[in-house]
Amino acid sequence: MDKYEIIVIGAGHAGIEAALSAARMGCSTLLVTLKRDSIGRMSCNPAIGGVGKGQLVKELDALGGEMGRAADACGIQFRMLNASKGAAVQSSRAQIDMNKYSRYMQKIVQSQKGLRIKEAEVKKLIIKNNQAYGIITEKAEEIEGSCVVIAPGTFLDGLIHIGMRHFSAGRINEPASRGLADNLKDLGFNLLRFKTGTCPRLDKNTIDFSRLAVQYGDERPKPFSFSTKKLTQKQVPCYITYTNKNTHKIILDNLSRSPLYSGVIKACGVRYCPSIEDKIVKFSDKERHQIFLEPQGLKTNEVYPNGISTSLPEDAQLKILHSIEGLEEVKVVRFGYGIEHTVVEPTQVYPTLETKLIRNLYLAGQINGTTGYEEAAAQGLIAGINAALKVKNKEPLILDRATSYIGVLIDDLTTKGTTEPYRMFTSRVEYRLILRQDNADLRLSEIGYRIGLVSKRDYLAVEKKKKAIKEGIKLLKLTRFKPNKEINNGLIRLGTSGLTKSATLEEILRRPEVNLEDLKRLDHIKLKIPECALSQIEIEIKYAGFIQRQLVEVEKFKNLEKIRLPPDLDYNSINGLSCEIKEKLGRFKPLNLGQASRISGITPAAISMLMVWIKRVSESHRVRVSK
């Protein structure tokens, strides 16, 4: 029997990060996939990042993950979303050359030391005494593993719908994984069914772009990875068009043929990325809906019409497309479809992503109820890290809500669960002003370095940046100018008023019209501050009051997070708790009071009772020890 320390099932975005992190941490790792050449394939839209998602990618990169570097190597248009808004909600997004991205990831995985790839379908897990010991393939081959990570994407009992036609598949033209879902059910996991979908792919040569609005990327694009010095890929535009009244009529006329509206699809769909059918029905007051025509790569003619995900029949899809400006003569390369897949209710996993039912079994990605490449990759990284730490008998890595977007993502899933495909947004993050994408390296690189995923060179670069920020802020606080002609003329040229009394550079920078780059360019102000520290210094000074208030809130939050609860605690033994609360605490098994407080239905009074109980137990223990 073959034996590995870590076995990862699935080679999508979650599986790749799990396998790479485990292998890079020194564990012998097996990556099992149905098809080797589908590793890293982008099933849906040709993009990485987005609102809230860009933060996940930056954090993943800061911890030593691969997605950010891959996006930089394969990105063909970079944009900063919410650029006109505050730093707390700015998010990176890039159009990606899909074929190049898949080839990049395949090369990285295949060349990774300590990582082996195997083509097989996993039918069952080897479980003994509620602990995972390996896998059994469709050929009845048994492979032993100390820890197993399941990251199957939409392949777990996947069912594709195109109109009234449906068939088993994990992705178009790729088989589903059918036995593993039954095995998980037999093991006692509560399973759900979720639905997602994708858009038709269009032939670029049959689109009339001359009639459409063009959307270019940023003039000075910023990479995802903190280690990327320069973006070298050719950059291309996207185009914008819209649905219209005729489009909407075609959709409404064909609703009876929609698997979503005829009741064929039973699963819950994505609220924040609905199908075009859903948009027309639920937002009937809107006269049009925006569609982004996104190129799928530099060497392909395929275009992704972002905004018209659909599972309507093929003839209806064609009519819809031909009703849209610029697409009147378009030819379809591949039609859109909806897909149902199996999900494990995520409250059945710990924040480490290890399952509560089966020790040494980890779940990552869409199996936990999420949607999106970025959410999957973030979970894959954490699952791989914690599986490796478990093998090495080290303390697990748990990121909390005050630490990262990744922490919020996992905490939401494990304490609140989800009844629909979960998508990350900045609005979900309470402390988003201090958890910005621009400071992800400052927050998380030390953790990545400590566990062995961030190189010493990159870690020292972050430490150097921290020092430059600290010294830069000190310099601005100490440098004072009196009103004079040269200084005032310079400030007026920047669009702000001159000085009427002496002021520090910190006070001048707080003005809304002034930024640090402009101040550096003034002849009479000599600021030797490294480029890498400029934006951080500016944000820290301009938002100082808000940041300080949020740091106080974080301290209060962390006080509850520090109070541990034993995972095997018998809540029935605690007097004063209601039967409902005892049942929920026993089922969720929170690791600390903070997690317990976020479980739906757990009242502040119950948290107070738990605090009293913990204090009594702690005092009783001290008395026993002293005796």
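## Asking why: contacts, cores, strands and rings

Student: Which residues does I48 touch, apart from those up to four places away in sequence?

Tutor: In this predicted model, I48 touches M42, V57, M67, A71, S92, R93, A94, I96, Y101, F224, Y373 and E374. What makes each of these a contact is that heavy atoms lie within 4.5 Å.

Student: Where does I48 stand in the largest nonpolar core?

Tutor: I48 is among the residues with the most contacts inside that core, along with Y101, L125, I135, V148, V149 and I150. The core has 102 residues. Helix α9, residues 373-391, gives the most to it, with 11 residues. Another core lies apart from it and has 26 residues, including A468, F481, A503 and I508.

Student: Why is V109 called buried?

Tutor: The relative accessible area of V109 is 1%. Buried means under 20%, so V109 is buried. Its place is in helix α4, residues 98-111. Leaving aside neighbours within four places in sequence, V109 is in contact with I16, L20, L31, I39, L115 and I117. V109 and L20 are 89 residues apart along the chain, while their C-alpha atoms are separated by 6.9 Å.

Student: Why is G170 called buried when it lies in a loop?

Tutor: The term rests on relative accessible area, with buried meaning under 20%. G170 has 1%, so it is buried. The loop in question runs between β11 (165-168) and α5 (179-186). Contacts of G170, outside four places in sequence, are T154, F155, P175, A176 and I339.

Student: What makes K589 partly exposed?

Tutor: K589 has 27% relative accessibility, so it counts as partly exposed. K589 lies in the loop between α18 (579-588) and α19 (593-597). Beyond its neighbours within four places in sequence, K589 is in contact with Y350, K356 and P567. The C-alpha atoms of K589 and Y571 are separated by 9.7 Å.

Student: How do you know that β7 and β8 pair?

Tutor: Pairing needs at least two bridges between the strands. Strand β7 (residues 122-128) and strand β8 (residues 131-137) have 6 bridges, in the antiparallel sense. K124 stands opposite I136 in β8. The two strands form a hairpin with 2 residues between them, and N129 in the turn has a positive phi of about 55 degrees.

Student: How many bridges does β16 make with β15, and how many with β17?

Tutor: There are 4 bridges between β15 (residues 238-242) and β16 (residues 290-295), which run antiparallel. There are also 4 between β16 and β17 (residues 302-306), again antiparallel. The cut-off is at least two bridges, so each of these is a pairing. As examples, the bridge partner of T241 is I291 in β16, and that of F292 is N306 in β17. A hairpin of 6 residues joins β16 to β17.

Student: Why is the pair of F209 and Y239 described as it is?

Tutor: The ring centres are 4.5 Å apart and the planes are at 45 degrees. F209 is in the loop between β13 (201-203) and β14 (213-215), and Y239 is in strand β15, 30 residues apart. F209 has a relative accessible area of 22%, so it is partly exposed.

Student: What makes K58 a charge over the ring of F226?

Tutor: The charged end of K58 sits over that ring, 4.5 Å from its centre. The distance has to be within 6 Å. K128 lies over the face of Y133, at 5.7 Å from the ring centre.

Student: How do you know that C27 is in no disulfide?

Tutor: A disulfide needs two cysteine sulfur atoms within 2.5 Å. The nearest cysteine sulfur to that of C27 belongs to C147, 8.2 Å away. The structure holds 0 disulfides. C27 has 2% relative accessibility, so it counts as buried, whereas C268, with a relative accessible area of 29%, is partly exposed.

Definitions and conventions. Residues numbered from 1 in each chain as written. Predicted model: local features only at pLDDT ≥ 70, side-chain atom pairs only at ≥ 80, totals over all residues. Heavy atoms only, no water. Core = buried A, V, L, I, M, F, W, Y, C linked by side-chain atoms within 4.5 Å. Buried < 20%, exposed > 50% of the residue type's maximum accessible area, 1.4 Å probe, protein only. Phe/Tyr/Trp six-rings, centres within 6.5 Å; stacked < 30°, edge-to-face > 60°. Lys NZ or Arg CZ within 6 Å of the ring centre and 35° of its normal.
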